[in-house]
Amino acid sequence: MRAWHGVLAGVLALSGCLSPSQGPSALPVPSLQPVTFADYHDSQGLDRELRTVQERHPGLVRVEELGRSVGGKPILLATVTAPVGPAKPVAFIDGCHHGNENQGCEGPLFLATFLADNYARNATVRWILDTFQVDLVPDVNPDGHDAQTRVNANGVNLNRNYPTDHGDPLGLSYPLGPPVTPLTWQLPAACVPADVPLRCPVRPSENGGVQALDQPEAAAIAGHMAQLGKRLAFYLTFHTAAHSVIAPWAAFHPPHDIPPEQDAVLVAVLDWTNRHTTYDGGRTGWLDQSGNLGYAASGTSMDWAYDCCGVPSFTFETHGHADGQPEDVNWWGQDILPVSLKLLMNTDLLQQWKSPEREFPYPAAWQGVHVFEEAPARAAQPPPPEL
Ligand SMILES: [Zn+2]
């Protein structure tokens with residue numbers, strides 16, 4: 001894996017030397033600094049890396065404590081923007097609701113590092129951070145992450161602890177853990193490793209908490225959504241490893257229908273994902289396999305972001321090593337960039353429920369190397385800002 005990554009780093013370095021005239025699109029080929037981590041991080045490591053990014057870019061990155069876990073560990077929020085402005089739309093991105101989904105914990109850290117390190121090098125990244133604010137919480141569940149458990153230190157599945165349809169057994173949100181019935185009973189061994197949802201469609205321990213938001217970790221995330229208010233533009237939450245991008249509703253009993261004009265925007269993102277990445281864009285429900293999960297999930301943070309705040313909201317089920325991909329933090333770190341940057345490029349349009357039509361102008365060298373199954377239709381794209 002290291003050898004492969006070295007090849008990519010070399011390709012990226014080369015791409016920075018190309019002139020616009022060498023590309024058919026007449027777009028400047030952006031220079032992008034790859035992010036390289038030695039390995040996955042525990043909660044302390046995630047925090048340390050986040051503070052290191054802040055030290056490298058004190059004018060771009062501000063790290064603060066959003067709350068504390070059941071076990072008293074800090075839940076850190078990194079605000080990445082230049083400069084902080086009271087009116088900027090905010091993209092809110094988190095990870096690690098499920099502590100054993102390691103790629104889901106690394107995703108927001110990877111993005112924070114990628115954005116901050118490329119601000120001075122890449123005009124499009126600079127435009128994103130000049131225009132929008134990106135709030136990232138890599139480690140929502142530090143206790144679970146360090147224990148490598150799906151649940152938090154109270155044994156609660158934090159992604160069943162949010163108010164939308166909370167406590168609905170058919171949405172696998174059980175107030176005190178599930179009743180033992182043929183529907184829910186399953187040999188624990190069938191769920192190992194726990195980040196393979198297709199082998200474990202009905203989980204034995206989806207304790208959603210006695211009441212919605214009775215867990216400090218979920219309360220911290222919901223509290224931040226509330227604090228952002230109308231500045232919140234969209235929400236993206238990282239999980240593994242269904243290999244998909246999912247949009248609301250996940251709940252078994254959604255509180256209302258999604259208006260067609262909003263659904264069209266969600267579908268546009270899912271369709272783009274299907275066309276331009278190796279991920280599947282879809283929905284989840286007992287009868288809906290398009291998001292590769294095939295069960296309803298009530299009390300999720302994704303549904304709550306849409307429910308509470310009326311913004312586009314997505315769950316990013318990344319690759320995981322267990323679905324045949326390399327166990328290399330940098331490999332799949334690159335892998336999350338297309339979807340993430342597509343959303344970030346369109347932060348303001350998503351906030352207004354308009355078609356997310358801007359594209360991130362990737363270096364041509366990236367296409368076909370790893371991140372795209374097919375090259376984006378660059379000729380049909382509007383010129384990106386500042387380029
Ligand atoms: Zn998960």
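Reader: Does Cys105 count as buried or exposed?

Author: Cys105 has a relative accessibility of 0%, and a residue is called buried under 20% relative accessible area, exposed over 50% and partly exposed in between (1.4 Å probe, protein chains only). The model is predicted, so local features need pLDDT of at least 70 and side-chain atom pairs count only at pLDDT 80 or more, while totals for chains, interfaces and linings use all residues. Residues are numbered from 1 along each chain as its sequence is written, and side-chain values use heavy atoms, with hydrogens and water left out. At 0%, Cys105 therefore counts as buried.

Reader: To which residue does a disulfide join Cys105?

Author: A disulfide is a covalent bond between the sulfur atoms of two cysteines; here it is taken as a pair of cysteine sulfur atoms within 2.5 Å. The S to S distance for Cys105 is 2.0 Å, and the torsion about this S-S bond is about 65°, so the disulfide is right-handed.

Reader: Is the link of Cys308 and Cys309 right-handed or left-handed?

Author: The structure holds two disulfides, and one of them joins Cys308 to Cys309 with an S to S distance of 2.2 Å. Cys308 is partly exposed at 31% relative accessible area, and Cys309 is partly exposed at 23%. The torsion about their S-S bond is -80°, and the link is left-handed.

Reader: How far apart are the end C-alpha atoms of helix H3?

Author: Helices (H or I, at least four residues) and strands (E, at least two) are DSSP runs, numbered from the N terminus. H3 covers residues 102-118, and 16 of its 17 residues are buried, so the helix is largely enclosed by the rest of the structure. The expected span is 1.5 Å times one less than the number of residues. For H3 this gives 24 Å, which agrees with the distance between its end C-alpha atoms, 24 Å.

Reader: At what angle do H2 and H3 pack?

Author: Contact means heavy atoms within 4.5 Å, and Leu46, Leu50 and Val53 are among the H2 residues that meet H3, where the partners include Cys105 and Leu109. Axes are lines fitted to C-alpha atoms, for helices over the stretch in contact, and angles run from 0 to 180 degrees between N-to-C directions. The axes of H2 (residues 43-56) and H3 are 10 Å apart, and the angle is about 10°. That makes H2 roughly parallel to H3 (angles under 35 degrees), the value asked for being about 10°.

Reader: Which strands stand at the edges of the sheet?

Author: Two strands pair if DSSP finds at least two bridges between them. Eight strands form an open sheet with mixed pairing, in the order S1-S2-S4-S3-S5-S8-S6-S7. Two of them have a single partner strand each, so one side of each is left without a neighbour in the sheet; these edge strands are S1 (61-68) and S7 (280-282).

Reader: How many residues of strand S4 are buried?

Author: S4 (residues 133-137) pairs with S2 (residues 74-80) in the antiparallel sense over three bridges, with Val134 as the bridge partner of Val80. Five bridges join S4 to S3 (residues 90-95) in parallel, and Val90 stands opposite Gln133. Gln133, Asp135 and Val137 point one way, Val134 and Leu136 the other way, and all are buried. S4 is thus mostly covered, the number of its buried residues being five of five.

Conventions:
Angles under 35 degrees count as roughly parallel, over 145 as roughly antiparallel, 65 to 115 as roughly perpendicular and the rest as oblique.
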